[in-house]
Amino acid sequence: MPSTTLDLSALHRLPLLTRTEGGRAWPMLLWVPGEGRRMISSAPLGGGIGERRWVLNAQVPHGYRRTDPDTHLAELAAGAGVSGPGVGLMTAADVTDHGGATDEGVHALASAGLGVRGWAAVPAPGLPGPREAGTINIVVSVPVAFSDAALVNAVATATEAKVQALRDAGVDASGTPTDAVCVAALEPSSTRPAEPFAGPRSVWGARLARAVHQATHLACLRAETRRRHTGRPTDG
């Protein structure tokens, strides 16, 4: 369980937590913003759109084979001391190499594993069932409310920024087969109307894009540095 003295509310500068599983210590990142947020995510736990209280990004072994990642992530979250609805992501990449960035109130965190990467549009059939744990996980926090359409737009903007970061890091790929994203916005209210747009040229979309680009670029550079130093891929 994380110490009560740790600040888990600042997404772009989260402390590294660890858990013991399978006889060894595994790192993970836990974001607890302190108030419910309206999130959109493609994560195995808490995916879709809805109110969420926390986001967990947990490192798992290479060749992860559990077929119930949602249950596993819920167990890890409970062990870390959080409850209620949340978002759980996992990766075989080393989350100690994550990158964080901020841009005019938008905060982003990215972890990157680039061992299995490629371009989205390729002449190959898709595969059924869950894929191995990856990869590039991106979490973004915005200090405004978003409409449903803007949340979807924000995911597209974050993905565009991710691809731009990969290019700028010298990675010849649009991503990995198991990339995941989560965007967290404030709850709309009578005094806080929902922003209708989050494309890259909108006010908040532009800030989101810059924060995601910086965080992902940093995570990719750290992942590539680890790969060169160890001679091994940075994820399974």
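Where is the place of Glu 104?

**View 1. Glu 104 in its loop.** Glu 104 sits in the loop between strand 7 (99–103) and strand 8, where strands (E, at least two residues) and helices (H or I, at least four residues) are DSSP runs numbered from the N terminus. The model shown is predicted, so local features need pLDDT of at least 70 and side-chain atom pairs count only at pLDDT 80 or more, while totals for chains, interfaces and linings use all residues. Residues are numbered from 1 along each chain as its sequence is written, and side-chain values use heavy atoms, with hydrogens and water left out. The phi of Glu 104 is near 50°, a positive value in a residue other than glycine. Most residues other than glycine have a negative phi. With a relative accessible area of 52%, Glu 104 is exposed; the term exposed means over 50% relative accessible area, buried means under 20%, and partly exposed lies in between, with a 1.4 Å probe and protein chains only.

View 2. Strand 1 and strand 2 run antiparallel and are joined by five bridges, with Trp 26 in strand 2 as the bridge partner of Arg 19. These two strands form a hairpin with two residues between them, and Gly 22 in the turn has a positive phi of about 65°.

**View 3. Strand 5 between its two partners.** Four bridges join strand 2 to strand 5 in an antiparallel arrangement; in strand 5, Asn 57 is the bridge partner of Leu 29 and Val 55 that of Trp 31. Strand 5 and strand 6 instead pair in the parallel sense over five bridges, and Leu 56 stands opposite Gly 88 in strand 6. In a regular strand the side chains alternate between the two faces of the sheet. Both faces of strand 5 are covered, with Val 55, Asn 57 and Gln 59 buried on one side and Leu 56 and Ala 58 buried on the other.

View 4. The largest cavity has a volume of about 40 Å³, a volume being the space filled by probe spheres set on the points, which are joined across faces, edges and corners. Its lining consists of Leu 11, Leu 14, Leu 29, Trp 31, Val 55, Asn 57, Leu 109 and Val 139. Strand 2 (24–31) and strand 5 (55–59) are the elements that give two or more residues to this lining.

View 5. Strand 9 and strand 10 pair in the parallel sense over six bridges, and Val 140 stands opposite Val 183 in strand 10. The largest nonpolar core has 35 residues, and Val 140 and Val 183 are among those with the most contacts inside it; such a core is a set of buried Ala, Val, Leu, Ile, Met, Phe, Trp, Tyr and Cys residues joined through side-chain atoms within 4.5 Å. Helix 3 gives the most to this core, with nine residues.

**View 6. Val 144 and Pro 193.** Val 144 lies in strand 9 and is buried, with a relative accessible area of 13%. Val 144 and Pro 193 are 49 residues apart in sequence and 8.5 Å apart in space, C-alpha to C-alpha.

Notes: On a 1 Å grid over the protein atoms alone, a cavity is a set of points where a 1.4 Å probe fits but cannot get out, and a pocket is an open set with protein on both sides within 12 Å along at least five of seven lines; lining residues have an atom within 4 Å of a point. Two strands pair if DSSP finds at least two bridges between them.
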